[in-house]
Amino acid sequence: MTEEQVDPASGSVLRHAHLYSPGTAASLHLRDAAVVMSAGRIDWCGADDRLPQRYQQLPQYDCGGRLLTPGLIDCHTHIVAAGTRADEFAQLLHGVEYSDIAANGGGIMSTVHATRAATEDELLQLALQRVDDMLACGVTTLEIKSGYGLTLEHELKQLRVIARIRAARPLRIKATLLALHKLAPEFAGRADDYVDYSCDELIPAVAQAGLAEAVDAYCEHIAFSPAQVERLFAAATAHGLDIKLHAEQLSNQHGAALAARHGALSVDHLEYLDNAGIAALAASNTVAVMLPAAFYTLRETRLPPVTQLLQAGVPVAVATDSNPGTAPLTSILLAMNMACTLFRMTPEQALAGTTLNAARALGLGTETGSIEVGKWADLALWNLDHPEELSYLVGVNRLHRRYHAGQYEPAIPSNDRTAPR
Ligand code: NIG
Ligand code: FE
């Protein structure tokens, strides 16, 4: 019987893998390893020649010395979106600032118009193309944000699409209500009223519907103030939702410290984070998420203080930030490469950033992100020899197999060429 025909409840074994799994204190690195997967979880892992007798009868797959890592985790994306921003790319190349594009009605608002105009089915097809790219890169867990609707109707539409992706594809998904992304045009000149609307209508409705696990905001001089974000956090927490924050991307609003004080799962971007912000994160459990593709697209020059964050013991994650404007990519592998080349992270740190620390940024640190007994058997097997190669290769994907809850998923659905563009 081949392994992929096996009922996951009965289990299977991966043999002769070059296992590399980032850890908190030390990484697990075994040249010739076996991993036993049972009922969707990792039941045993260790040196192949120590595989206990009781597992010898299970169906086996010989990895042939290929690199085996935890499945990759993209902990920050905005993939439920319509429209293109290729025209803005041309403007950016000519030196127009992102904030000026936004001030002229483009930027996030451009995607809001296109997303509002799209049907739920169209948004699903567009998102599935991106999800399939991600699955093909070894992603097993994905966070997806709303934030291009800005009314209850359209935010719920985006969040329902996320729920449908969850049902349509074999991966774990965390949905985030990005409530304060951009001031809705209906509230022009009344930002505080929009914050009230988010706290009093959006959050309760979304929590009631069970359509999101976390609430996010964009704390920036061109977006929302720390005081407004703080009100949102209070409402989110009152409804039992986790919190996250886009902070210190274009300026220092001290958003990261605010978020850490409120127990945020993560703060993301952080180019303008100062020493006080680093200290606040170090004193919390909040993860710092690096988004090098947005830095790259906007051709930013101010680097986030990655080295200082790592020295202070802050867990650092890496994500694509996949969105039509500032990060039109789907490859988490490319984001890892950029984290190294642009932000000077080591390949080991980049891989920890898309596995263990990304899991923590989603509140899943005890469930996934490393190859450990008891965790979900979400794994990626690569046609590579060394873990460093995942970050070293530029725009190259050497995924051999992806396992979701212990199951090999060979049929990554191909992009539907009839899908809306
Ligand atoms: O994470 N910073 C704000 N939000 C997104 C950009 C969204 C957009 O430009 O459409 C980000 O970079
Ligand atoms: Fe973002």
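Is H76 buried or exposed? H76 is buried, with a relative accessible area of 0%, where buried means under 20% relative accessible area, exposed over 50% and partly exposed in between, for a 1.4 Å probe and protein chains only.

This is a predicted model, in which local features need pLDDT of at least 70 and side-chain atom pairs count only at pLDDT 80 or more, while totals for chains, interfaces and linings use all residues. Residues are numbered from 1 along each chain as its sequence is written, chains are lettered from A and ligands numbered from 1 in the order in which they are written, and side-chain values use heavy atoms, with hydrogens and water left out.

**View 1. The iron ion (ligand 2) and its donors.** H76, H78 and H246, each through NE2, and D321, through OD, coordinate the iron ion (ligand 2) at 2.1 to 2.4 Å; donors are N, O and S atoms within 2.8 Å of the metal (3.2 Å for Na, K and Ca), and sites may look incomplete because water is not among the atoms. Along the chain, these donors follow the spacing H-x1-H-x167-H-x74-D. H78 is buried, with a relative accessible area of 3%.

**View 2. I144 in strand β7.** Beyond neighbours within four places in sequence, the contacts of I144 include T77, I79, V80 and I162, contact meaning heavy atoms within 4.5 Å.

**View 3. Cysteines without a disulfide.** The structure holds zero disulfides, a disulfide being a pair of cysteine sulfur atoms within 2.5 Å. The sulfur of C75 is 15 Å from the closest cysteine sulfur, in C137, and is therefore too far for a bond.

Note on methods: Helices (H or I, at least four residues) and strands (E, at least two) are DSSP runs, numbered from the N terminus.
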